[in-house]
Amino acid sequence: MAEKICVAVRVRPSISEESPSGTFWKIEDNRISLHKLHGTPISGLSYAFDHVFDESCSNSKVYELLTKDVIHAAVDGFNGTAFAYGQTSSGKTFTMNGSLNDPGIIHRAVNDVFQKIQMISDREFLIRVSYMEIYNEEINDLFAVENQKLPIHESLERGIFVAGLREEIVNNAEQVIKLLESGEVNRHFGETNMNARSSRSHTIFRMVIESKGIDTGSSDYSSSDAIRVSVLNLVDLAGSERIAKTGAGGVRLKEGKYINKSLMVLGNVINKLSNGAKQRAHIPYRDSKLTRILQTALGGNAKTSIICTVAPEEVHIEETKGTLQFASRAKRITNCAQVNEILTDAALLKRQQLEIEDLRRKLQGSRSEVLEQEILKLRNDMLKYELEREKLEMELEEERRSHKEREQHIRDQQLKIKNLSSLVSDGNRSSSQDSMKESPKDECNDFKTPCFKETSNNAFVAKRSNYSELPDFSPLPDSFSNVADEDTWFKMNKGYIADLDSLQTTPARKVQSFPPQDITPLHKFNLLYELHCQDCSNDNYKLELQNLKTQLELVIKEKDELQRKHEEEVQINRRLMGEISELKQELDLSNNSLESSAQRYGNLEREFQKLKDERDSLLQTVSESSKNITFLTDQKENILKDLNCEVQRRKDLEAEIKQFSVAFASRQRSLASIHGEFKSKIEKLRAEKLVRY
Ligand SMILES: Nc1ncnc2c1ncn2[C@@H]1O[C@H](COP(=O)(O)OP(=O)(O)OP(=O)(O)O)[C@@H](O)[C@H]1O
């Protein structure tokens, strides 16, 4: 937007004890005019500006009214320049640097920049500062004394800049003030008749304010991602001086000449700029380092404010007039300030490219790497889980198999036990039968050998003696005498006792010689055996019985052993069953975590795909941007070609004009000689005519 440079005049307090004798400068509102002592204004010497500050005005007020807007605009992305111009000792340094009690524009601007930044929550800032001086038309770095005679360069990206100048990144105002103080030490000051501490150089304190919107996650690219870069120049010029007044000689004289020369160029530039567009064909920015560095501030892309300091003393009236004229001309200059994020297409493209690069780096670097690593880890975990699961399944299968085998084994053992049990009973039965078979019938009569005969209905019957018909009585007698009791023999011979266990089913005796619970088959057999032995005198039969007893003992022992083994097997089986159920639980857990891993893996795959898509679209943007750059470069080249053609055409025209001028001059010369010849001929003819008459 086009806007005029803001210009103010500041009158410093008088340092002369003499009171004015003829004229004085009168200040009314934003106007300063020269008046005669009695009050009459002197015509043609009245000037109006944006502000006119009188002697009593403080730096704080100057800053508030003149400079603050420029500083705030700089934070918002506009280039800004504030400089003080005026004759020597008029108060430029006082205005820019100030005093302890009343800090100047530079200090206030620095504080204000950081205060304003803190109030902006939606952007992040990067501030760089540099400090330079132009001394005898040479640029020196005030932050690094070794950086002397620095050159000025220009580029599309950075505009006009001083190459090799040290830039310090700063985070707060205090840091900047300290840097400024260190820079002040390196600055050239000198004593003159006019100022005990006269600035012998122009100084430029520069702040580069870079800002970027904080990413709020909005898709609006321009609002959050555009970078603004603004340059703020705070300039304290050396004062113009009259050598006669400053009494300068030697070094001071040389300095004074350079100062005056560069201020004269500044005046020229201001003059040209103030003449309006038509006459602004060529602005001599390149005629001095000062105007070159301030080029953007003067008629360019910047908001500029100038404070022109003047001395009120009558003795400086001419210089004051000169300063006021300078200020009036500066007032007419129009600048065109723009937020620097839309400076040029090329710059924007460049910025976009940088951002895209940055994004791509981020995408390719940390995040995708982390994701890929995580995916790999998950894959490994999954494989591990799979292997573990397979192992567990195998173990389970193995367990099942061995369980089955054990069950089979137990079943076999049970069968074996059963077989043995039946074998025992069969053995009993067969041995009884055998013994019955072997005993001769006649012997039965002699010895009344017990005869085991099957009952008619094949059922177990324990015949009782008469007395034992009572239900409470055992079928066996308490004691046996040597004489076989008829009833007992009958009982032994007729009552077929094959199943010894069934004896337990008979009601217990009232008076017992052994507890009923202790009656095992062996006991029963022993009982019977003893019974038989007592009554039997047949040795063979006794021996047979003895063998049978030993056999039975062995079988029972084996049965007990098998029973014990069976119980042990059952115990092991139970334990294994417990282990199997634990393994099953573990397997379930593994399956669950496998499932959740697969889910996470899926999510990561999706995110990875999304990032890939994002990267592709960014690459697309990059290629479009590159195309745009190529297009712009082509355009630029075409324009340059056109320009070269124009220059060539101009040269041709100039050559043509030269030729034409030469031809014209020679023709003029020949015409003049023809004219001379004619003239002499006419005069000759006239003379001849006169002679004739
Ligand atoms: N507005 C003011 N109020 C009080 N004192 C002032 C004011 N302006 C200037 N002075 C005093 O006048 C003297 C000269 O001022 P200053 O050095 O700022 O001038 P200058 O224009 O920078 O001179 P030079 O061009 O020689 O460097 C200093 O002592 C300064 O303190």
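Good morning. A residue is called buried when its relative accessible area is under 20%, exposed when that area is over 50%, and partly exposed in between. With that in mind, let us turn to the structure, which is a predicted model.

I begin with Glu137. Its relative accessible area is 23%, so Glu137 is partly exposed. Glu137 sits in the loop that links strand 8 (123–135) and strand 9 (138–141). The backbone here deserves a remark. Most residues other than glycine have a negative phi. Glu137, although not a glycine, has a positive phi of about 65°.

Is Ser89 buried or exposed? Its relative accessibility is 14%, and therefore Ser89 counts as buried.

Next, I turn to Thr23, which is placed in strand 3 (residues 23–28). Thr23 counts as buried because its relative accessibility is 16%. Which residues does Thr23 touch, leaving aside those up to four places away in sequence? They are Leu34, His35, Lys36, Leu37, Ile42, Glu314 and Ile317.

Leu671, Ile674, Phe678 and Ile682 together make a nonpolar surface patch of about 380 Å². One of these residues, Ile682, is found in helix 14, which covers residues 539–692. With a relative accessible area of 40%, Ile682 is partly exposed.

Thank you for your attention.

Note on methods:
Residues numbered from 1 in each chain as written. Predicted model: local features only at pLDDT ≥ 70, side-chain atom pairs only at ≥ 80, totals over all residues. Heavy atoms only, no water. Buried < 20%, exposed > 50% of the residue type's maximum accessible area, 1.4 Å probe, protein only. Helix = DSSP H or I, 4+ residues; strand = E, 2+ residues; numbered from the N terminus. Patch = residues over 30% accessible without salt bridge, like charges linked within 9 Å, V, L, I, M, F, W, Y side chains within 5 Å. Areas by Shrake-Rupley, 256 points an atom, 1.4 Å probe, with all protein chains shown as cover. Salt bridge = Lys/Arg side-chain N within 4 Å of Asp/Glu carboxyl O. Contact = heavy atoms within 4.5 Å.
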